Amino acid sequence: MFADVPLIPEAASTHATAMDELFYFILGVCLFFSTLIAVLIVTFAVRYRRRSEAERPQPIHSSLKLELTWSLIPFVFMMVFFFWGAHLYFSWAHAPADSMEVYVVGKQWMWKMQHLGGQREINELHVPVGRPVKLTMISQDVIHSFFVPAFRVHMDVLPGRYTTLWFQPTKPGRYHLFCSQYCGTNHAKMIGEIVVLSSDDYQTWLNQGVDGGMAQAGRKLFQKLQCVTCHSADAKARAPVLEALYLSEVHLDNGKIVRADETYLRESILYPDAKIVAGYKPIMPSYKDQVDEEEILQLIAFIKALRPGQTPPRTESADPPLNPILDTKQGK
Amino acid sequence: MAEHRSRLQIYGIVFVALIGLTAVTLLLGGVELGAWHTIVGLAIASTKATLIVLFFMHLLHSPRVTWLVAGTTLLFLAILLLMTLTDYLSRGEG
Amino acid sequence: MSANPTHLAHHFADVRQQHDTATLGMWVFLVTEAMVFGGLFLAYTVYRVLYAAEFAAASAHLNVVFGGVNTIVLLSSSLTMALAVYWAQTGQQGRVPAALILTALLGTAFLVIKGFEYHGDYEDNLMPGLAFDEHAWGPHPERVKLFLVIYYIMTGVHAVHLIIGIGLISILALMARRGRFTRGYYYPVEVGGLYWHFVDVIWVFLLPLLYLAGVRN
Amino acid sequence: MSTVAVATPQGESPPVTRPVNYLNVHFGVRSWLLTTDHKRIAILYLISITLMFFLGGAAITVVRLQLLTPDNNLVDADTYNKLFTMHGIIMVFFFMVPSIPAVLGNFLLPMMLGAKDLAFPKLNLLSWYIYILGGTFTLWAVLSGGVDSGWTFYTPYSSKASHTNIIPAAVGVFIVGFSSILTGLNFIVTTHMMRAPGQTWFRLPLMVWSLYATSIIFLLGTPVLAITLTLVAIERIFQVGVFDPALGGDPVLFQHMFWFYSHPAVYIMVLPAMGVVSEVVPCFSRKNIYGYKFIAFSSLGIAVLGFLVWSHHMFVAGISVYEAFLFSFLSFMVAVPSAIKVFNWTATLYKGSVAFATPMLFAFGFIGLFTIGGLTGMFLASLGTDVHVHDTYFVIAHFHFIMVGGAVMAYMGGLHFWWPKMTGRMYPEFWSRLAAMIIFVGFILTFLPQFVVGNLGMPRRYYQYAPEFQVLNVMSSAGASILAVGYVLPLVYLLWSLGYGKKAGANPWLATGLEWQTASPPPPDNFAVTPVVTEAPYQYSKEVAVVS
């Protein structure tokens, strides 16, 4: 029974190896100091135990030198912990530019993943070994937290706002995914697995039953919702051309300039009047009640992928929308 | 008695100053001052609050411990506000 | 200083100690009050930083005339309160009840005006949940509502404090009429005054923050 | 000392004269419920928080039973969530926060200062009634269906998603906050205004310094929690936006406001514990405390720095990277004054005359467990490692080492140390030493495995878990059962000692400090004659006058 009781967590990402070094360094320092204090207390208590009720030890007055010593030595160690930890956190907070992107929606009590290639998963995420993966996450209801112990990564998933997380798996296998921010009744069941595959296996997995990429799904939505009527390829149309928009600078009618990132795109779909592009009128209706978080992510994926000349023609007959539900029980 | 009359005079001056500053606040409400709009408004409010605390609440003639209490309050209000705002003002940076 | 044994609690050495203790006690209590409002000021500040435009727009719709008049009413009540303390302290006990009653009346006037103001806010569709026009505020009506909610909470919490204050001052007025206070024993008036002035100080900050967040024309 | 011996009331054996003390000066329920004597109020608090402690303990017993197997169905998910919420709310707000301040602090502070009572005795009684009112609301919330938000009340779960009794529970916590505020106000004003002649700041026992520092936190932190819970309640009742992102709010702001109180609340629990240890260690080493001023100022340092570290609960909550840097740095800073204290207590033992009486055993337990708790805090303050262990059992283990291993140990130590003073009776030494050992062993067995299982990745608040975590959870549950024995045992023998314990003299430990210079139990006004203080505390090298 005890043979398969792990005592240290598996390390399966680049973060994990980097963090473990710091973890064991802190552990070593802490063990040293707690042992030191324990040994001192036991030694003093035994060595100076009361042998007679008449004992009256001499008073000892504190020495400034000693006080400063035991203030400064811990302080130095703590500064090492701080800078080392801050360094790791900084790299943890910034995903490499060539990361593979995956979109995650958390809801009570399941994880929904969408790949750019259109693959959708529930409570499971397949990723290739050795590539950085960046998750863009949002919650549909309360706060959740995306926690993969083997990768040493952890990030809260908030309603109304994107948060991101990245990791680079180092060995194939299946790893726990936990929701670690208490989210209600089945919090303990909001669990899943990250499946890390070798490159070949990942290719095989990718080719299984995919019906169009995420951007493709977004493209269909774009037509279905009639976005294309105004956001056409015509620069003189009623709404801005969206080609090559992602991460470009947008000039607003109030003179400000914003970067067209995911947050901006999301806001423009839900609250079109919030930021008006210079030269256009605020005529776009809000799509707040017509799209859910997953569909917003599909639209964003479409806009991100939209290169010059790729805006769908207005006349193209729209396909019927994809059935976006993999899990029919949880249908919305 | 002369000292008493002078305290009444001080109250009178403080009151007039308070009313005057209120009038300034209200008048400035219609003036475009840009970023200074809020700063001026709060500066006037702080001045008024200081007058009330120093004279009406007798802080000026209170023992050191009262100053300590008042100072501590300001310090921790500043901690609460500024250290939370640090988060909001630096979000999206770095 | 003549110790008045009927007012001196058993655990104090003399009247002076009792007076200073009570005064310090009120100051320390006001620390907690300041932190209560501190939490509200924090919420206000954070959302104002995030939603400056909506806050400015919504603020400009509040009735600054009521706000301004109420400021003057409250400042006047602070003056009468300060006078009450002064007269109690200098032995002019005969004047204390009138000053206290005037203070309480001014406080009540503030609340009445505030009531009219709330009513006006209701008629102007500035009351989320009861009367609010979702379409009158551009793309982000929820941010406007957030401002209004904070406005009602801040003024509401302030009003609650004022109501408590009016109660305290009325009791003090009653005690003063019955001749309870002397030059040596007037700390209840002093302590009540501290509380009253504090409530005034809070309002002094609420005026520019709530009514003048944006430029008015 | 000079207690006045007064003839006992008629009807008892004539030759016995019994001094009037706070317990026998009046009798009857009314004399207790309307008392303004700080010592009686302390006893009222003692009874109430003991009740709460066992209620909170009962809740966690079921939790530990549920966690014996990975897919246990002893209780369902909802019940489990309500149980750990009940445990958290009761233990934090109704036991830990008032424990040492409202019981030992209430009893001792005026005596340590040489005063007859706290500055505002009526407010003191009021604070107990407020505590009872708050407790009633919370218990009502628990009994009429329960609360499942966790003691942290995170929005938007608490304000929108939860269908349980959030409002009454929040109202209970809101109300009980005012009990802390009144206690803190009383302590601060009393310390400033009511010191006996000659009782200067640097002659104060360190317990007073730590209670003073604690009171600062009570006053500055509690109101922010009160208004935060009010905002949650407003959002929930009127369905208007304050923190809900769907209504324009920011749930992270709730976390800022909540932790502005709730992180310093940890120091509310541990600072008074440090005060107790600073009294017990010199007494049973017969030494002046080493580094008096460093310990005194480190208490104030902890109280202030404790307010500058709250965002370390939010490193993965979506705050800015720079905010995280700032708060990580400050979190390490607050460890320095704690380290200073531990080293100074250790140095006090050096060349002392160490006696292994029960309070000292608890103090040793405190120092050891607090050190482990403090050092494991390094993993949480360091950004790199917190990203992994955040919201896992590692955090649970860490704060239980501080709060239970630290604060409860010291509370038990203090209760034993001053028990003779409070009751006039000695507790049985054998049983109490046994209890101290059982608690220590049970504690280690309960919480050490939780560090391991947390590092393995077991999140907190899970009613079922992955099978590989089972062995460690079984160890933890086994430890908890030992711990339960350790806590029930003192309840039994302390009650027993009320009737059968050996009579304690005024100063059974030959301790210094004004509270030991008056009779046990003390007279209603504490001192027959107002004492005059002429020297620094902890003069253990002098021959202490034995008072009977």
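**Helices and burial**

Modeller: In α2(A), the buried residues are A:Pro74, A:Phe77, A:Met78, A:Phe81, A:Phe82, A:Gly85, A:Leu88, A:Tyr89 and A:Trp92. This is a predicted model, in which local features need pLDDT of at least 70 and side-chain atom pairs count only at pLDDT 80 or more, while totals for chains, interfaces and linings use all residues. Residues are numbered from 1 along each chain as its sequence is written, and chains are lettered from A and ligands numbered from 1 in the order in which they are written.

Biologist: What makes a residue such as D:Glu235 count as buried?

Modeller: A residue is buried if 20 or more other C-beta atoms, placed from the backbone, lie within 10 Å of its own; it is exposed if there are 12 or fewer, and partly exposed in between. D:Glu235 has 23 C-beta neighbours inside 10 Å and therefore counts as buried. This residue lies in helix α7 (residues 206-238) of chain D.

Biologist: With which residues is D:Glu235 in contact, leaving aside its neighbours within four places in sequence?

Modeller: Two residues are in contact if their C-beta atoms, placed from the backbone, lie within 7 Å. With those neighbours left aside, D:Glu235 is in contact with D:Ser159, D:Val240, D:Gly241, D:Val242, D:Phe243 and D:Asp244.

Biologist: Why is α2(A) called a helix, and how does its reach from first C-alpha to last compare with the expected value?

Modeller: Helices are DSSP runs of H or I with at least four residues, and strands are runs of E with at least two, numbered from the N terminus. The expected span of a helix is 1.5 Å times one less than its number of residues. α2(A) has 30 residues and reaches 42 Å, close to the 44 Å expected. α10(D), with 13 residues, reaches 19 Å, close to the 18 Å expected.

Biologist: What makes α10(D) mostly covered?

Modeller: Eleven of the 13 residues of α10(D) are buried. Among them are D:Val321, D:Glu323, D:Phe325 and D:Phe332. Their cover includes α2 (64-93) of chain A and α3 (64-90) of chain B, together with α9 (292-305), α11, α12 and α13 of chain D.

**Chains in contact**

Biologist: Which pair of chains shares the most contacts?

Modeller: Of the five pairs of chains in contact, chains A and D share the most. The contact takes 74 residues from chain D and 72 residues from chain A. On the chain D side, α12(D) gives the largest share, nine residues. That side divides into 43 nonpolar, 23 polar and eight charged residues. Here Ala, Val, Leu, Ile, Met, Phe, Trp, Tyr, Cys and Pro count as nonpolar, Asp, Glu, Lys and Arg as charged, and the others, Gly among them, as polar.

Biologist: How many residues are in contact between chain B and chain C?

Modeller: 35 residues of chain B are in contact with 36 residues of chain C. α3(B) gives the most to the chain B side, with 13 residues. By contrast, no contact joins chain A and chain B, and their closest C-alpha atoms lie 8 Å apart.

**Strands of chain A**

Biologist: Why is β5(A) described as largely enclosed?

Modeller: Six of the seven residues of β5(A) (residues 133-139) are buried, so the strand is largely enclosed by the rest of the structure.

Biologist: How do you know that β5(A) pairs with β1(A), and do the two run parallel or antiparallel?

Modeller: Two strands pair if DSSP finds at least two bridges between them. Seven bridges join β1(A) (residues 100-107) to β5(A), and these strands run parallel. A:Val104 stands opposite A:Met137 in β5(A). Five bridges join β5(A) to β8(A) (residues 163-167), in the antiparallel sense. There, A:Lys134 stands opposite A:Trp166.

Biologist: What joins β1(A) to β2(A)?

Modeller: A hairpin joins them through two residues. β1(A) and β2(A) pair in the antiparallel sense over six bridges, and A:Tyr103 stands opposite A:Gln114 in β2(A). In the hairpin of β2(A) and β3(A), with four residues between the strands, A:Gly118 takes a positive phi near 100°.
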